[in-house]
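Hi everyone, thanks for coming. I'd like to walk you through a structure that may be new to you, so let's bring it up on the screen.

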Amino acid sequence: MIEARSLSFKYPPLVPQGEGLLVLNGLSLSLRAGERAALMGATGAGKTTLALVLAGLVPATTGGELQGEIRVAGLDVREVGAARLSREVGLVFQEADHQLFNMTVEDEVAFGLEGLSLPPEEIERRVDWVLDRVGLNEQRERAPWQLSGGQQKRLALASMLAMEPTVLLLDEPMAGLDPLGRRAIAELLDELKEEHGTTMLAMEQDAEWVARWAERVLVLHDGRIVVDGPTREVLSQVDLLRSMAVQPPQMAEVAAALHLPGHPLTSTEAAPLVQQLIQNARLPIQNEPQEIVTPLAVVGRRSSVVAVKAEGAHFQYPNGPAALNGLSLEVREGEFVALAGPNGGGKTTFAKHLNGLLRPASGAVHLFGEPTTGRRVGELARQVGYVFQNPDLQIFAVTVRDELAYGPRNLGLSENEVEARVERALERFGLERWADAPPAVLGYGLRRLVSIAAVWTMQPPIWVLDEPTTGLDAALTERLVAEMEALHAAGHTLLLITHDLRLVAALAERLVIIAEGRVALDGPPRAVLSQAGPLRPFGLRPPPVTRLAGKVRGLPDDLLTVDELLEAVGRNRAL
């Protein structure tokens with residue numbers, strides 16, 4: 001169904017008289033009809049480029065040099081073009097909002113079906129079916145741009161799934177989705193395969209999801225497919241994956257460290273093996289719960305100053321449901337707080353109240369004791385640095401260097417200080433190579449780094465990071481984690497909006513679950529994540545390690561990381 005031989009592609013130069021960027025370099029790939037495969041690899045490895053080539057959009061829309069043979073669904077991609085391919089190939093973009101343009105959610109799904117000239121009753125049936133399955137039935141009359149980032153992702157998926165393509169290309173389909181949404185989409189993809197034999201290729205960083213969904217995993221590195229095999233076989237090669245900036249599943253890390261047989265990839269598979277290991281080796285078990293300490297907690301540094309305070313905040317988008325419904329939350333100066341919860345629960349809406357992009361209809365939001373109401377966005381930007389969920393909403397300058405200089409220059413800093421901050425940011429975030437390139441033409445992961453670095457140059461006391469790891473590989477995520485650690489250690493207040501509970505478990509001092517526009521749960525991550533029951537109504541699940549600990553007799557049920565688990569079974573090995 002997909003056949004590529006000796007495929008190479010080079011983008012045009014990003015700057016005048018520059019070199020073209022070779023992304024694919026002699027790649028060969030073959031997928032049979034009905035296969036369900038995942039393509040993994042580092043940020044910038046070429047995953048998105050390959051998806052665009054397979055859909056006929058590159059080089060038609062970008063320019064560049066394409067060489068080699070490529071056929072999809074029996075069609076020669078280089079001859080037929082994107083319009084003809086679109087009847088067989090569905091592509092869900094990495095940035096969902098790039099393919100949403102209709103006036104309502106319902107119209108967005110119906111648009112492609114009308115293009116297929118389906119009867120009205122069949123269009124209506126498919127629209128009802130897919131919106132129900134992705135959890136957007138109640139949003140069908142809303143405009144796509146009024147949805148949360150996760151809801152937009154669901155809508156983009158729904159618009160393609162409704163067309164029942166022969167080949168479905170999914171670029172980071174799980175990015176920005178809550179766990180409940182991930183399960184719903186996975187079930188829907190299973191249904192498409194069973195009923196229609198759809199061939200699926202997902203470009204995905206989330207190894208936990210890939211482990212449960214894919215039959216086959218391919219790894220793209222240096223422009224070629226360098227690893228290709230059954231999912232269990234590939235994802236169990238922990239050291240190899242890490243060498244290519246791919247984060248393995250937690251259970252694969254546990255299995256490698258403890259030499260568990262059978263390469264388990266889920267907590268259900270690993271639990272009896274760990275239990276047997278403990279019993280056979282008579283390993284010491286820590287029966288007492290772990291002390292509630294995070295790697296970033298600084299003893300005795302608790303501040304009495306309240307950095308962020310929301311009191312009964314209400315907000316409703318035009319023609320939409322209440323996004324904030326009496327939300328009250330207090331964050332002290334220097335705290336590292338993670339905000340999680342279901343898509344559309346109000347996390348991003350709350351974040352936009354902190355920098356003045358939105359104002360509460362009633363109630364109040366305060367920064368360091370001062371209300372945000374009546375204060376200009378530029379004034380609030382001196383206190384709150386907001387990293388948008390979508391980096392394209394904050395990138396606008398001609399070059400990366402200009403982008404990083406804009407904020408500190410508008411703070412009134414001297415040109416020498418502006419230049420010094422820009423140079424430090426370029427180095428800290430590994431952006432030196434792209435300093436004079438237009439940020440808008442960089443890959444998604446690099447644009448994400450640019451947006452974070454642009455806030456870093458302003459050094460605000462409060463940071464709000466909305467899904468900052470989306471599109472980042474394991475190495476870049478590690479770099480970002482180090483920066484968050486450094487900011488927190490320096491006394492900055494951090495609010496991290498994320499669905500990655502592994503990240504929450506490793507970093508945050510406090511976890512706040514926001515649902516239906518209000519605070520639903522609030523406490524230390526160890527206390528909140530170790531209780532599956534209270535999380536369930538919000539579509540959340542504890543990290544795999546925590547689920548494993550709850551299934552093994554004698555282990556503390558509040559373990560949060562792989563290192564903690566290895567220590568608890570007496571095998572504290574460096575991974």
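Predicted model: local features only at pLDDT ≥ 70, side-chain atom pairs only at ≥ 80, totals over all residues.

**Helix α17 and its surroundings**

Which residues of α17 are buried? They are A474, L476, T477, L480, V481, E483, M484, L487 and H488. The helix itself covers residues 474–489, and its 16 residues reach 22 Å from the first C-alpha to the last, close to the 22 Å expected at 1.5 Å a residue. Just after the helix, G491 takes a positive phi of about 100°.

In soluble globular proteins, nonpolar side chains tend to be buried together. Here the largest nonpolar core has 53 residues, and V130 and L189 touch the most other members. Helix α5 (residues 149–161) gives the largest share of this core, six residues. Apart from it there is another core of 51 residues, including W434 and L446.

One last stop: R142, in the loop between α4 (120–133) and α5. R142 is buried yet has no salt bridge, and E138, the nearest side chain of opposite charge, is 9.2 Å away. What does the side chain of R142 reach? It reaches the backbone oxygen of Q146, at 2.8 Å. Further along the sequence, R142 has contacts including M103, Y317 and P321.

Note on methods. Residues numbered from 1 in each chain as written. Heavy atoms only, no water. Core = buried A, V, L, I, M, F, W, Y, C linked by side-chain atoms within 4.5 Å. Buried < 20%, exposed > 50% of the residue type's maximum accessible area, 1.4 Å probe, protein only. Helix = DSSP H or I, 4+ residues; strand = E, 2+ residues; numbered from the N terminus. Expected span 1.5 Å × (residues − 1). Lys, Arg positive; Asp, Glu negative; His and termini not counted. Salt bridge = Lys/Arg side-chain N within 4 Å of Asp/Glu carboxyl O. Polar contact = N/O pair within 3.5 Å; in protein donor to acceptor, adjacent residues only side chain to side chain. Contact = heavy atoms within 4.5 Å. Lists of a residue's contacts leave out its neighbours within four places in sequence.
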